[in-house]
Amino acid sequence: MKLLTGNDLVTGDVIWWTGSGWSRHVEEAGDVGDQGEPIALAEEGARRVNGPVIIDATMTPDGPRPAHIKDRIRALGPTVRPDLTLKPADPNAGSWVI
Amino acid sequence: MYKYDEYDQSMVDARVEEFRDQVQRRLAGQMTEDQFKPLRLMNGLYLQLHAYMLRVAVPYGTLDSRQMRMLAHVARKYDRGYGHFTTRQNIQFNWIKLADTPDILAELATVEMHAIQTSGNCIRNISSDQFAGAAADEVTDPRPWAELLRQWSTFHPEFTYLPRKFKIAVIAAPEDRAAMRLHDIGIELTERDGRLGAKIFVGGGMGRTPMISHEIRDFIGADDLLSYLEACLRVYNRYGRRDNIYKARIKILLHEIGADEYRRQVEEEFVAVKALGLDPPAAELERITAMFAPPPLTAEPVELDRSDPDFAVWLDQNVRPHKQPGHAIVTISLKLIGGIPGDASADQIDVMADLAERYSADELRVTHAQNIVLPHVAQADLPAIWQALTETGLAEANLDLISDIIACPGLDYCALANARSIPVAQKIATRFADLGRQRELGELKLKISGCINACGHHHAGHIGILGVDRKGTENFQLLLGGSGAEDVSLGKITGPGFSEDGVVDAIERVTDKYLEVRESGERFLDTYRRVGMEPFKEAIYG
């Protein structure tokens with residue numbers, strides 16, 4: 001599957017296209033298929049995303065997981081600071097990243 | 001320390017307001033990212049893996065307690081409570097919001113700080129010896145010259161759009177504590193016949209094509225220095241490759257045309273430049289130099305009580321002689337075992353600021369090895385400083401030992417990285433946590449980069465590690481034999497790379513071999529240079 005991701009223009013947060021908007025949680029990302037580029041163009045033009053890119057991912061029972069390690073680290077946060085990730089209270093939150 | 005005059009302050013203030021307007025226009029949709037990106041980079045604002053990153057300049061690594069407290073304030077108010085001190089003596093904040101950036105820069109400007117020259121193809125923040133003004137072996141304090149170069153290079157109209165970024169280091173001692181020979185231009189201030197001048201080295205650098213600089217001039221008088229540097233930059237600006245980003249650094253130009261031809265052109269250009277009258281009048285140099293006058297250091301030498309073994313080890317490892325008897329130079333290690341090299345919390349930054357204000361003539365330095373220096377400490381105050389550092393978790397006595405690791409942010413933060421540096425550093429430091437074992441190994445500089453851009457200086461490590469991406473998996477190459485000091489050399493790759501755990505095991509085999517074959521008084525690097533790569537390869541790969 002293909003995911004559309006980028007950074008929030010104002011905050012810099014990593015965001016994922018859900019099919020109808022943007023989420024900080026990769027679990028809520030939707031498959032953009034071959035529609036990634038026009039969506040990226042429109043959303044960038046509307047200043048809702050900065051630096052949009054289309055990436056490869058696989059669907060798992062826990063939701064989409066990016067194929068490349070760099071995107072998996074983007075999805076959760078730095079592996080060396082669990083307290084700064086999106087799920088600081090979950091000690092196993094990063095088990096799928098590395 | 002240098003204090004801004006009205007021109008400095010008005011330039012920085014104007015830059016803040018200019019950027020505030022640019023940010024507003026970007027947020028209002030009046031600029032695209034392609035238009036905005038070079039403007040934000042000129043103000044130190046990158047877009048990294050998780051957020052915007054702001055790199056704040058610490059000119060020649062020198063700052064006072066007021067500035068240090070401002071960094072803590074920025075970390076608390078605008079970031080997530082910490083900062084990362086870098087290998088270019090700067091600091092980075094990893095979680096910045098675009099909309100906050102003008103306010104951050106405005107707050108920094110109130111304490112004479114900014115983010116100018118921390119990105120872009122300009123002359124970057126000038127780096128220098130962290131012991132400047134305190135080292136017993138220096139011929140002069142290099143910082144007035146570094147400050148002069150800062151003023152010359154900031155907003156220099158010819159050198160704002162160079163073929164590529166440009167890094168200059170200035171030292172004034174035979175011991176190179178600033179990796180001077182691995183800069184685009186390295187300046188070693190020296191004296192000849194009682195006259196101050198400089199040796200000029202050009203074309204060094206790390207990155208994907210590491211090179212040691214060439215000596216281009218064995219002596220240029222101090223009163224010609226600025227003109228000579230202008231000539232060096234002009235020749236580069238004229239002929240540096242703009243068609244290929246990977247061949248755009250000055251080291252490639254020197255490699256392609258040869259040091260002799262480059263020198264010939266610089267000398268020719270120097271004649272023309274000298275006639276322009278760029279070199280500052282003596283009064284301006286005196287004005288700058290006066291601001292770096294040594295602080296009044298009047299303490300008498302004392303015999304310290306070394307009965308506490310932890311204190312004694314810290315004294316031996318992290319404290320160096322000061323040129324003024326009765327005083328010492330303290331290096332605060334930001335390399336806690338299992339910690340993140342170069343990171344400091346806002347509270348720790350405040351503690352270091354307090355210590356500087358109370359005990360170190362209000363001065364701190366950032367080192368290229370990602371540590372902090374208190375340069376002017378009375379020997380009698382060392383126990384109190386050590387006690388305060390111990391209470392803050394900053395008394396790690398590992399300066400220049402295997403756990404004093406330089407590491408770039410790597411794939412945990414950096415958009416360019418291919419592999420994570422920090423976890424490797426943490427695992428190595430933990431493996432060698434025993435301080436007795438580290439001291440048995442002696443001076444051993446270990447440096448880790450998460451990609452070939454070499455921000456972690458892996459080419460210059462006695463042991464270097466380069467993280468690469470091998471089909472989507474992190475892989476780590478091991479290098480041996482590098483040095484960024486006066487005995488400069490580039491490390492060589494041992495052979496096939498390793499997994500994260502594998503590279504830690506490989507390093508242990510390397511250090512075991514070193515202990516087996518070293519001769520009396522040899523550092524790891526000395527042994528490597530004597531016996532060569534083969535015994536270590538045999539130990540690593542069998």
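User: How are H3(B) and H11(B) oriented to each other, roughly parallel or roughly antiparallel?

Analyst: Start with the general idea. Two packed helices are described by the angle between their axes and by the distance between those axes. Now this case, which is a predicted model. Helix H3 (residues 65–78) and helix H11 (residues 346–359) of chain B pack at about 170°, their axes 8 Å apart. Angles over 145 degrees count as roughly antiparallel. H3(B) and H11(B) are therefore roughly antiparallel to each other.

User: Which residues make the contact?

Analyst: H3(B) contributes B:Ser65, B:Met68, B:Arg69, B:Leu71, B:Ala72, B:Ala75 and B:Arg76. From H11(B) come B:Ala346, B:Ile349, B:Asp350, B:Met352, B:Ala353, B:Ala356 and B:Glu357. By class, this contact has 9 nonpolar, 1 polar and 4 charged residues.

User: Now the chains. How many residues of chain A are in contact with chain B?

Analyst: Interface size is often given as the accessible area lost when the parts come together. Here we count residues instead: 20 of chain A are in contact with 22 of chain B. On the chain A side, strand E4 (50–60) and helix H2 (69–76) are the elements that give two or more residues. The largest share, 4 residues, comes from H2(A). By class, that side has 8 nonpolar, 8 polar and 4 charged residues.

User: What does the UniProt annotation cover in chain B?

Analyst: The unreviewed UniProt entry carries "domain: Nitrite/sulphite reductase 4Fe-4S" for residues 119–270 and 404–540 of chain B. Residues 119–270 are 30% helix and 20% strand, with end C-alpha atoms 28 Å apart. Residues 404–540 are 36% helix and 18% strand, and their end C-alpha atoms lie 22 Å apart.

Definitions and conventions:
Residues are numbered from 1 along each chain as its sequence is written. Chains are lettered from A and ligands numbered from 1 in the order in which they are written. This is a predicted model: local features need pLDDT of at least 70, side-chain atom pairs count only at pLDDT 80 or more; totals for chains, interfaces and linings use all residues. Two residues are in contact if their C-beta atoms, placed from the backbone, lie within 7 Å. Ala, Val, Leu, Ile, Met, Phe, Trp, Tyr, Cys and Pro count as nonpolar, Asp, Glu, Lys and Arg as charged, and the others, Gly among them, as polar. UniProt positions are given in the numbering used here, feature names are shortened, and annotations may be inferred rather than shown by experiment. Axes are lines fitted to C-alpha atoms, for helices over the stretch in contact, and angles run from 0 to 180 degrees between N-to-C directions. Angles under 35 degrees count as roughly parallel, over 145 as roughly antiparallel, 65 to 115 as roughly perpendicular and the rest as oblique.
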